[in-house]
Amino acid sequence: MPIRLLVGLGNPGPRYADTRHNAGFWFADRLAADRGSTFRAESRFEGEVARFAAGTATCLLQKPLTFMNKSGSAVQKLAAFYRIPPAEILVVHDDLDLPAGTARLKAGGGHGGHNGLRDLHRHLGADYARLRIGIGHPGIREAVIGYVLERPGREEAMAMRQAIDAALGVVDDLVGGDWDRAVRRLHTQAVPNGEKEA
């Protein structure tokens with residue numbers, strides 16, 4: 001299935017802009033800049049929306065501005081308006097189970113406790129695709145909330161941006177419907193620092 005809607009998850013406002021939890025926004029902003037696209041506020045879709053070309057296809061790009069735990073409503077409204085089924089939606093989000101510097105694609109599955117995905121499950125079901133941007137784990141469960149809402153250190157931020165760069169390289173494959181090629185190309189990227197993936 002070709003991807004017709006690409007969604008970057010994050011929290012709106014300058015307070016959250018540079019935090020780990022906003023990796024999806026980082027990706028969306030970088031993609032829009034690379035493609036010469038401009039986000040426009042769309043109140044009926046509860047967020048900002050842009051369009052970009054990938055080969056002969058055009059894809060929608062969305063940043064929900066509802067805060068992370070209510071992302072599903074914004075995505076569902078945009079998808080319903082353009083009649084885009086969940087299987088043609090790719091959601092980009094931060095992932096605690098991957099080391100910083102790693103990006104991985106996943107089709108369907110559980111929400112893994114991620115509040116943005118949890119709300120998307122409520123509104124769309126589980127059949128949408130995901131692009132997971134690794135942010136690493138603080139080591140203890142109790143520290144997770146503070147960790148995701150903090151800014152990464154310089155080296156970690158650089159590693160996250162490298163992962164985003166790698167993922168940007170397979171966007172045309174995804175929009176063109178070549179999921180297998182996108183996975184093959186992205187997943188052969190080296191895992192940073194020799195770490196094992198979760």
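This is a predicted model: local features need pLDDT of at least 70, side-chain atom pairs count only at pLDDT 80 or more; totals for chains, interfaces and linings use all residues.
Strands S3 (residues 47-54) and S4 run antiparallel and are joined by eight bridges. Within it, glutamate 48 has lysine 63 of S4 as its bridge partner. The hairpin of S3 and S4 has two residues between the strands, and glycine 55 in this hairpin adopts a positive phi near 65°.

S4 also pairs with strand S1 (residues 5-8), here in the parallel sense and over three bridges. In this pairing, valine 7 finds its bridge partner in glutamine 62 of S4. Of the eight residues of S4 (residues 57-64), six are buried, so the strand is largely enclosed by the rest of the structure.

Stepping back to the sheet as a whole, seven strands follow one another in the order S2-S3-S4-S1-S5-S7-S6, forming an open sheet with mixed pairing. At its edges stand S2 (40-42) and S6 (103-107); each has a single partner strand, so one side of each is left without a neighbour in the sheet. On average, and with direction ignored, neighbouring strands are turned by 30° against each other.

Helix H1 packs on this sheet, where it touches S1, S3, S4, S5 (89-95) and S7 (129-134). The direction of H1 makes about 140° with that of S4. Helix H2 (residues 71-81) lies across S1, S3, S4 and S5, and runs at about 150° to S4.

H1 has a helical partner too. H1 (residues 23-34) and helix H5 (residues 154-168) pack with their axes 10 Å apart, at an angle of about 50°. H1 is therefore oblique to H5, and the crossing of the two helices is right-handed. On the H1 side, the contact is made by Ala23, Trp26, Phe27, Arg30, Leu31 and Asp34. These meet Ala157, Met160, Arg161, Ile164, Asp165, Ala167 and Leu168 in H5. Sorted by class, the contact of H1 with H5 comprises nine nonpolar and four charged residues, with no polar ones.

One further residue of H5 deserves a brief look, namely alanine 166. Its relative accessible area is 19%, so alanine 166 counts as buried, the cut-off being under 20%. Alanine 166 and glutamate 42 lie 124 residues apart in sequence, and their C-alpha atoms are 29 Å apart in space.

Notes: Residues are numbered from 1 along each chain as its sequence is written. Side-chain values use heavy atoms; hydrogens and water are left out. Buried means under 20% relative accessible area, exposed over 50%, partly exposed in between (1.4 Å probe, protein chains only). Helices (H or I, at least four residues) and strands (E, at least two) are DSSP runs, numbered from the N terminus. Two strands pair if DSSP finds at least two bridges between them. Axes are lines fitted to C-alpha atoms, for helices over the stretch in contact, and angles run from 0 to 180 degrees between N-to-C directions. Angles under 35 degrees count as roughly parallel, over 145 as roughly antiparallel, 65 to 115 as roughly perpendicular and the rest as oblique. A crossing is left-handed if the near helix is turned anticlockwise from the far one by less than a right angle, and right-handed if clockwise. Contact means heavy atoms within 4.5 Å. Ala, Val, Leu, Ile, Met, Phe, Trp, Tyr, Cys and Pro count as nonpolar, Asp, Glu, Lys and Arg as charged, and the others, Gly among them, as polar.
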